[in-house]
Amino acid sequence: MKYYLIILLALLLSVKSSAEEKRNISVLIEETNLKNQFEALFVDRLFDYLNQSDRITYQRYHYDLKKKSVVFKSDGKENFSEKIILIEPDFKNILTPKIEMKKDSITGKTVGAYMNLNLDFICYFKQIDLASSQIEFAKKVAMEPSTLNTKSDVLEINFEKYFVGNIPKVGTKEYKAILDNIHAEYKSQIEMHYINRINKDYSMLGDIESAINAQTDTSPFTIEEIPDKKGKKMSSFIIKAGKNVDLSAYQGISIYKKLTIAGEETVEQIGVAIVTDVDQTESTARFVFRGGKELSEAYQNGEEVFAVRNPALLNDMVSLREKEFRVAIDNKCFFCNYEIQNQLSELYFIKLLERSDDFVSKYFIEKFKSEGFIDSAVEKVIGNQEGVDFSINADTKNVKVTNIATGALQSFALADIKNDYRILFLEMFPPQMKFLEIAKQKKDRVKNIYLYSPYGLQQTEYVYIYQVYYEEVLGEKYRRTKELGNGQVRANYSDLIADVALQKNEKQVSKAINAGTELLFTYSKLK
């Protein structure tokens with residue numbers, strides 16, 4: 001990010017040595033952009049929760065995108081930090097939720113009314129390394145809604161009080177007046193319900209804290225084997241990590257096992273768990289989404305299993321590795337085009353760089369340079385800023401990707417991508433899907449193949465298969481493709497390797513595979 005990123009890079013190289021036990025992270029929120037009291041309540045609660053950490057001090061800042069300003073908001077002294085976290089809560093519920101009618105199943109007569117108060121609350125958050133401007137993660141979490149039609153999330157209305165005699169026709173002024181009256185009289189109850197849900201919910205807080213702390217994990221967590229549980233479904237287990245790595249209750253962790261597929265070493269997720277009890281060096285976790293049976297079977301089979309907060313730690317265990325390259329998104333704000341940021345930041349081989357605005361970097365440079373954290377000689381390194389390989393620009397209809405080295409520009413319609421940016425990544429970036437080996441064959445007919453994709457493969461989705469050939473025109477060789485058929489993902493052995501069953505034109509695809517023909521695999525049909 002221009003001049004200031006160079007200064008920030010040098011800042012970290014010239015920080016004064018310190019014996020502080022706790023490190024600092026700066027958390028920035030555009031507080032003037034908070035839409036309601038519920039978002040403000042969540043932010044306050046988030047800081048109270050985060051600052052229970054024994055290893056990290058979270059410093060609170062308010063930034064103003066229009067004024068290009070940053071203001072320190074925490075009590076006490078402002079300290080140097082290497083990382084910044086940007087938070088944007090999005091509470092979509094309103095104080096006038098839709099009023100639903102209940103009807104008698106026999107007569108069809110309206111006999112009651114209620115309001116569904118399930119939460120629609122998402123929080124977007126991203127971490128940026130100040131020295132390099134790299135976006136280390138860009139995530140979103142949702143406050144888990146309770147089950148529909150339960151007492152906690154459904155507010156029953158005193159039907160007889162508001163609907164007496166002949167009920168006005170839906171859509172009339174009289175009917176609307178009744179609804180307005182109900183909303184006015186139930187406003188305080190609706191408001192209190194939202195407040196109580198935010199105060200009692202730990203799912204979002206735990207996910208945010210877990211993502212932040214995961215960046216400091218140096219290795220996966222060891223799972224303590226419980227011999228008497230072999231062969232039985234396990235609901236809980238113990239991991240060798242605790243308060244010593246800022247593990248706390250409500251944080252989520254993923255359980256993986258090592259395996260080899262098609263001659264390639266990889267890892268497979270076998271479960272998702274939540275931490276329940278925490279000691280200094282070990283913790284108890286329980287499965288929330290499969291895993292109990294799978295963990296027990298892995299023990300029985302002598303397979304290597306482990307738990308992680310940070311999936312990036314798994315990259316070294318995968319034999320198929322892609323060369324790293326750098327991507328920048330031209331954004332007008334930190335959370336613009338967030339879905340692209342989210343999907344790009346999940347790819348280990350992409351270094352995603354923040355290019356939204358430099359006023360935040362400028363604030364920290366000037367602040368800490370004035371206090372002696374930055375050596376004035378760092379200006380000598382200006383001009384050594386790391387460049388980018390690809391630049392992305394998006395609006396409400398299109399995404400444009402520029403290859404900086406070649407100058408090639410390609411445009412994609414958002415309507416064609418349908419929020420699955422893997423389609424764009426596969427077409428524009430060097431890493432491609434690869435055929436690994438035949439998974440199932442009857443005589444000379446290939447039925448299933450093992451397929452690798454650096455961008456991930458999802459259960460039941462289709463992949464499209466093309467034959468690659470070359471054509472010479474006026475002495476120039478051109479790469480062409482011809483559609484052969486498709487296949488469907490039947491089983492995932494990791495996030496990146498799957499068993500794909502050949503579907504359309506199986507015979508032709510099988511013949512091409514047996515002949516060693518060069519093939520191209522895509523997520524959507526080529527135009």
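**Salt bridges, cores and a strand**

Lys240 has a relative accessibility of 44%, so Lys240 counts as partly exposed. Let me give the cut-offs: buried is under 20% relative accessible area, exposed is over 50%, and partly exposed lies in between, with a 1.4 Å probe and protein chains only.

A word on the model. It is predicted, so local features need pLDDT of at least 70 and side-chain atom pairs count only at pLDDT 80 or more, while totals for chains, interfaces and linings use all residues. Residues are numbered from 1 along each chain as its sequence is written, and side-chain values use heavy atoms, with hydrogens and water left out.

Back to Lys240. Its salt-bridge partner is Glu282, with the closest N and O atoms 3.2 Å apart. Salt bridge here means a side-chain nitrogen of Lys or Arg within 4 Å of a carboxyl oxygen of Asp or Glu. Helices (H or I, at least four residues) and strands (E, at least two) are DSSP runs, numbered from the N terminus.

How many salt bridges does the rule give? The count is 31.

Next pair: Glu339 and Lys140, closest N and O atoms 2.9 Å apart. Glu339 lies in helix H7 (residues 338-345) and Lys140 in strand S8 (residues 135-142), so this bridge ties together parts 199 residues apart in sequence. Lys140 is partly exposed, at 40%.

Glu39 is buried, at 0%.

Now the inside. In soluble globular proteins, nonpolar side chains tend to be buried together. The largest nonpolar core here has 63 residues, and Leu344 and Phe429 have the most contacts inside it. By core I mean a set of buried Ala, Val, Leu, Ile, Met, Phe, Trp, Tyr and Cys residues joined through side-chain atoms within 4.5 Å. What does Phe429 touch? Leaving aside residues up to four places away in sequence, its contacts include Phe325, Leu344, Ile392, Val401 and Tyr455. Contact means heavy atoms within 4.5 Å. A second, separate core has 45 residues, among them Val43, Tyr58, Met143 and Ile182.

Val401 brings us to strand S19 (residues 398-403). Its covered face is Val399, Val401 and Asn403; the uncovered one is Asn398, Lys400 and Thr402. S19 pairs antiparallel with strand S18 (residues 390-394) over five bridges, where pairing needs at least two DSSP bridges between the strands. A hairpin of three residues joins S18 to S19. Ala394 has Val399 as its bridge partner. On S20 (residues 409-413), again antiparallel with S19 over five bridges, Phe412 stands opposite Val399. That hairpin has five residues between the strands, and Gly407 in it takes a positive phi near 80°.

Last stop, the surface. Leu474 is in the loop between strand S23 (462-473) and strand S24 (476-492). Leu474 is exposed, at 86%.

Happy to take questions.
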